[in-house]
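Here are my notes on the two-chain model that you asked me to look over. Please read them with the coordinates open beside you.

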Amino acid sequence: MSDRADRKPETGAFFPRDRNWHAPALTPGYKTSVLRSPQKALLSLDGTISEITGPVFGHSMLGELDNDLIHNFAKPGESAIGERIIVHGRVLDERGRAVSGALLEFWQANAGGRYRHKKESYLAALDPNFGGCGRTITDEQGFYSFRTIKPGPYPWPNGVNDWRPAHIHFSVFGHGFAQRLITQMYFEGDPMIWKCPIVNTIADRRAIEQLIAPLDWANTIPMDARAYKFDIILRGRRSTLFENRMEGN
Amino acid sequence: MVQALDYLKETASQTAGPYVHIGLTPNFCGIGGVYDTDLGTTMVSERTLGERITVSGRVLDGTGTPLKDALVEIWQADAAGLYNSPSELRGAADPAFSGWGRCPTGGEDGAFRFETIKPGRVPFKDGRPMAPHITFWIVARGINVGLHTRMYFPDEAEANAADPLLLRVEHRHRVATLVATGSAPSYMFDIHLQGEKETVFLDI
């Protein structure tokens, strides 16, 4: 709460989600969606106070290594194997305003494309020094960064020979629960992006391109880590100038 | 020519995938030592005001099979009907209650369970009181965009009958998909992703 105590809280409802921009629920090319997709129309409603409000996470909850996946699971003095990278960017809303205090949580496979999970069956090796999760909170200007290794691509049971392009999962909280978002970040230049049935659940090429992080040479740290820049856009919200006042009041 | 509106486009959602628990509840799936505890596990402390309740349920696919790789989050008002959020301008919420919880579905039966308090009533946009409710958000492998819905209480028939959101449900038999079963203090709320009992999901 104290993180943005000097800010006037906003109370406007959020811009409607552009359902043609997002993937539809039913995308048969991604087979798991077939039995997990609602088939009836969503009930549309302008946001109420139950959706325009949302939880606040303070920077004090973060541990020192939460934003360092190279070290946050590693034995002392050791580090995860793989291409060292920095992922950084800003969280903005659709109006271009910085979203401060946004909790970002991320998870990924290791450099060989293997997740640390009991249901994972890919034969690639586990890295004893890599857990695969991290988190951070954006600063007053919406900036965030974390350090990790570049995840590997991996095969998955969907089509006979489907592979996921290298990607990092992101979970994002904004200022209202209606902004809650989970997405995936891809890496510039990966030819596998366009072969992926999960990527291709999204029909609009521009929406896919917005998920691809460019190599950021300017922020690459010499002799240490390359940088990728990934900005995340959350739903904008209306000005409340003419709202929240009942007729006759 | 006119001036450009120049709004940005929301980052497209992608499925949380089969390993959402690695990212959001790592301790639950055996990745210990990174975080002390999984976020959102404990909602209520001794100091929290209000009537203690539990809400448990499952997320079921179109064949009625419970999902064991889903993640459910809830968001609710405190006992007095105030949200613990900077956008809450009507008063100060109970400082001992964040109003937010997170639970993976897993284990043998794929159940989720929240220990929380019964929320107070909050107003609709036009000032009418809404019936007490808890906001739900569900993500999982196979769900491309996280699903929003609400849980109402079975012992609030009068308030439910006048609730502005429930009144908007055209097919009245579907209202039941938004109302928990059981009674205080133990409520059950199954979420059906599709089929005859498909839960009413919200574009909100």
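1. Two strands are said to pair if DSSP finds at least two bridges between them, and the helices (H or I, at least four residues) and strands (E, at least two) are themselves DSSP runs, numbered from the N terminus. In chain A, strand 3 (residues 103-107) and strand 4 run antiparallel and are joined by five bridges, and A:Trp107 has A:Cys133 of strand 4 of chain A as its bridge partner.

2. This is a predicted model, in which local features need pLDDT of at least 70 and side-chain atom pairs count only at pLDDT 80 or more, while totals for chains, interfaces and linings use all residues. Residues are numbered from 1 along each chain as its sequence is written, and chains are lettered from A and ligands numbered from 1 in the order in which they are written. On pLDDT, the predictor's confidence in each residue from 0 to 100, chain B has a mean of 97, with 100% of its residues at 70 or more; the model scores ipTM 0.97 and pTM 0.96.

3. The strand pair of point 1 belongs to an open sheet of five strands in chain A, ordered 4-3-8-9-10 and mixed in its pairing. Its edge strands, each pairing on one side only, are strand 4 (133-137) and strand 10 (212-213) of chain A. From the record, UniProt lists residues 87-115 of chain A for "domain: Intradiol ring-cleavage dioxygenases" in an unreviewed entry, and such annotations may be inferred rather than shown by experiment. That span is 0% helix and 41% strand, and its end C-alpha atoms lie 19 Å apart.

4. For the interface, two residues are in contact if their C-beta atoms, placed from the backbone, lie within 7 Å. By that criterion 66 residues from chain B and 76 residues from chain A take part. Helix 1 (20-24), strand 5 (133-139) and strand 10 (202-203) of chain B each supply at least two residues of the chain B side, and strand 5 of chain B gives the largest share, four residues.

5. Pairing also crosses between the chains: strand 1 (residues 43-44) of chain A and strand 10 of chain B are parallel and share two bridges. Within this arrangement, A:Ser44 has B:Asp203 as its bridge partner in strand 10 of chain B.

6. B:Tyr152, in strand 6 (residues 147-152) of chain B, counts as buried because it has 23 C-beta neighbours inside 10 Å. Beyond its neighbours within four places in sequence, B:Tyr152 has contacts that include B:Ala131, B:His133 and B:Val179. B:His192, in strand 9 (residues 191-192) of chain B, is partly exposed because 17 other C-beta atoms lie within 10 Å. Outside four places in sequence, the contacts of B:His192 are B:Leu60, B:Thr177, B:Lys197, B:Glu198 and B:Thr199.

7. Lastly, B:Ile138 is in contact, leaving aside neighbours within four places in sequence, with B:Val59, B:Ala70, B:Val72, B:Ile143, B:Gly146, B:Leu147 and B:Ile191.

Conventions. A residue is buried if 20 or more other C-beta atoms lie within 10 Å of its own, exposed if 12 or fewer, and partly exposed in between; C-beta atoms are placed from the backbone.
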